[in-house]
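The model is a predicted one.

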Amino acid sequence: ADATREEWEIRRDELKANGDGHFRSKAYQPAIQAYADALQLDPTNHIILSNKSAAHLANGEKSKALHDARKCVEHSDGKWSKGHTRLAAAMMSLGRYGEAADAYSTVLNELDPNNEVAKRGLEDCRKKEQHLREEKERELRKMQEVLDQQKKAEKEAQEEKETKTKNDNSDEGEEGD
């Protein structure tokens with residue numbers, strides 16, 4: 001079988017397999033390096049780009065994961081569901097839930113209506129967006145309470161000052177007698 005394949009293809013596949021092994025054992029940095037080396041031989045390979053994106057994400061490198069996921073989608077002509085779910089996962093990790101939801105929706109509406117990863121991901125996006133809205137509402141309520149307390153304190157201080165001024169003025173009038 002290898003007789004019909006070019007040497008570079010064999011080497012690329014060895015590097016990819018090496019990266020996959022590192023990834024499975026949670027050695028993300030060596031996995032990323034192996035995928036990068038494989039991409040030197042085949043820069044538009046969407047599967048290797050996808051795996052490299054996953055390794056970056058697992059290694060906490062969210063922006064790099066997003067970069068590789070975008071390239072993966074681009075080089076698969078947008079027709080590979082997994083590329084879009086990688087893109088969505090990277091978007092979610094960056095807190096970009098609306099964009100992640102769009103990527104999951106693309107999978108469900110255009111590519112694979114039964115894709116479980118996309119269904120769960122879309123649901124997670126909606127929950128996180130709802131949670132964010134609730135957080136913002138809570139923060140706004142707290143800020144309003146603080147403002148209300150400040151206004152009340154300022155008003156009380158002003159009233160106290162006016163009362164003191166009145167008392168001082170009435171005290172002055174009594175001294176003349």
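## Helix 1: length and span

Helix 1 runs over residues 7-24 and has 18 residues. From its first C-alpha to its last, helix 1 reaches 26 Å, close to the 26 Å expected at 1.5 Å a residue.

Just after helix 1, K26 takes a positive phi of about 65°.

## Buried and exposed sides

The buried residues of helix 1 are R12, L15, G19 and D20. Because these residues cover an arc of only 145° around the axis, they are on the same side of helix 1.

The face turned away from the buried side of helix 1 carries the exposed residues E7 and R24. What covers the buried residues of helix 1 includes helix 2 (28-41) and helix 3 (46-58).

## The aromatic pair

A search of the whole structure finds one aromatic pair. The pair is formed by F23 and Y28, and its geometry is edge-to-face. A pair of aromatic rings is described by the distance of the centres and the angle of the planes. For F23 and Y28, these are 5.4 Å centre to centre and 65° between the planes. The angle lies over 60 degrees, so the pair counts as edge-to-face.

Are the two partners buried or exposed? F23 has 28% relative accessibility and therefore counts as partly exposed. Y28 has 17% relative accessibility, so Y28 counts as buried; the cut-off for buried is under 20%.

Notes
Residues are numbered from 1 along each chain as its sequence is written. This is a predicted model: local features need pLDDT of at least 70, side-chain atom pairs count only at pLDDT 80 or more; totals for chains, interfaces and linings use all residues. Side-chain values use heavy atoms; hydrogens and water are left out. Rings of Phe, Tyr and Trp (its six-membered ring) pair if their centres lie within 6.5 Å; planes under 30 degrees apart count as stacked, over 60 as edge-to-face and the rest as tilted. Buried means under 20% relative accessible area, exposed over 50%, partly exposed in between (1.4 Å probe, protein chains only). Helices (H or I, at least four residues) and strands (E, at least two) are DSSP runs, numbered from the N terminus. The expected span of a helix is 1.5 Å times one less than its number of residues. The arc is that of the directions from the helix axis to the C-beta atoms. Contact means heavy atoms within 4.5 Å.
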